[in-house]
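Colleague: I would like to learn how to read a few local features in a model of this kind. Could we take them one at a time, with the general idea before the case?

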Amino acid sequence: MTQTVLSTAPAPVTAPLPQAFLAALKSALPGIATPVGLHEPVFTGNERAYVQQCLDSGWVSYNGAFGLKFEEMLTDLTGAGACAAVVSGTVAIEMALRVIGVQAGDEVLSPSLTFVATNNAIAHVGAIPHFIDSEMHSLGIDVAKLADHLDDIAELTPDGPRNRLTGRRLAAILPMHCFGHPVDMDALLAVAERWRLPVIEDAAESLGSTYRGRPCGSLAPIACLSFNGNKVVTTGGGGAILTRDPVLGQRLRFLTSTAKTPHPFEFIHEEVGWNYRLPNLNAALGCAMLETLPERLAAKRALQARYEVAFAGTHRFAMLREPDYAKSNYWLMAAVLSPEDAGERDTILKATHEAGYMCRALWRLNHTLPMFSASPRMPLDVAEAIQPRIINLPSAPQLFNPKSA
Ligand SMILES: *Cc1c(COP(=O)(O)O)cnc(C)c1O
């Protein structure tokens, strides 16, 4: 029997998809022993010495030299005007929302395609996420769609923009730089200005990334970082609020340390504060990790380059890459399946896990989570189309093995 090939479809992968995926993954990680986590921290610098110094000094809690040093290092790295280090990225966002005046019953424009912390923080201040669609290149907020959507649903009133459909105040935009790939911030800030909407960057994933040469965390008047265990810099757990405004920075440090007015022997509190200050012990770890950040970022770029080679050569999957206008920290690296193969995602994930590679599915879109199911939204077509196609790959810098070609 003869066979005539008339199809113009791309050349099929000869092995079944999960095996082809696994082979590509393995070829990018030569000499790396399994199990391999998604993003395990590595401590190669002064971490032990600084933590030991903390213990020796007795300054393990909220006051101490490492806390101040850590904040200074973060403002130096990002070019922000001031910094308040806090106990998590989630509370960093919560406090940023509070100090710009977001109130219970307000709506905050935010992506559905994000880690749940972004939208949890909005809920923590009693506000309501209003979900905006994402675009394919950065996976962040689609600014053109945001602009059209505001034209459709918003009106400018004397006390700011309002959602005409719900009657609620639109209080802020909260863009998130997904996996370290910056949102197109110039375009976003122009839309924000037109609508008089404050912008907070959720830069939790993007420390070390730049947008048109400017560091993430300094692109909006206020920005938030996370130092959770799997981020590029970890303090065990922690976060920070960055701002251009030193007075606001001072206010944030005050509010997050129980709003205590300095006094040699009295406890003076004149407003409700929060116990959110990052302990010195955690900051010590953070200082050491910041010192070695450039090397880790370089290793992560090299690992991404290796994945790009390994995942090239078939039309069935490709690597997500930084947008042209940006240099990403490549926090989490991601393979994108072809639209036809989205249904195979879980089979691939099962195969990689069985082989000891802890790849992950993308977060569930936040508008599909029960607590946000009633939140207002625009059509989320791109987020819905891309979500089942993404597989995060092991992305820690120590997985780049320089000894293997
Ligand atoms: C990690 C992260 C946060 C903050 O998380 P914490 O665990 O509270 O530090 C916020 N937003 C995004 C997008 C994140 O990835």
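Colleague: Where is S328 found, and which residues does S328 touch?

Modeller: Helices (H or I, at least four residues) and strands (E, at least two) are DSSP runs, numbered from the N terminus, and S328 is found in the loop between β15 (326-327) and β16 (333-337). This is a predicted model, in which local features need pLDDT of at least 70 and side-chain atom pairs count only at pLDDT 80 or more, while totals for chains, interfaces and linings use all residues. Residues are numbered from 1 along each chain as its sequence is written, and side-chain values use heavy atoms, with hydrogens and water left out. Contact means heavy atoms within 4.5 Å; leaving aside residues up to four places away in sequence, S328 touches F179, G180, H181, S209, R301 and E322.

Colleague: Is S328 buried or exposed, and what does its side chain reach?

Modeller: Buried means under 20% relative accessible area, exposed over 50%, and partly exposed in between (1.4 Å probe, protein chains only); S328, at 3% relative accessibility, counts as buried. A polar contact is a pair of N or O atoms within 3.5 Å, where within protein one must be able to donate a hydrogen and the other to accept it, and residues adjacent in sequence count only if both atoms are side-chain atoms. The side chain of S328 reaches the backbone oxygen of G180 at 3.2 Å and makes a polar contact with the side chain of H181 (2.9 Å).

Colleague: How many aromatic pairs does a search of the whole structure find?

Modeller: Rings of Phe, Tyr and Trp (its six-membered ring) pair if their centres lie within 6.5 Å, and planes under 30 degrees apart count as stacked, over 60 as edge-to-face and the rest as tilted. The search finds 10 aromatic pairs, among them the tilted pair of Y50 and F66, with 5.3 Å centre to centre and 35° between the planes. Because Y50 lies in helix α2 (residues 47-57) and F66 in helix α3 (residues 65-78), this pair ties together parts that are 16 residues apart in sequence.

Colleague: Why is the pair of F131 and F372 edge-to-face?

Modeller: The ring centres of F131 and F372 are 6.2 Å apart and their planes lie at 80°, so the pair is edge-to-face. The pair links distant parts of the chain, 241 residues apart, with F131 in strand β3 (residues 128-132) and F372 in the loop between β17 (360-361) and α12 (381-386). F131 is buried, with a relative accessible area of 0%, and F372 is buried at 3%.
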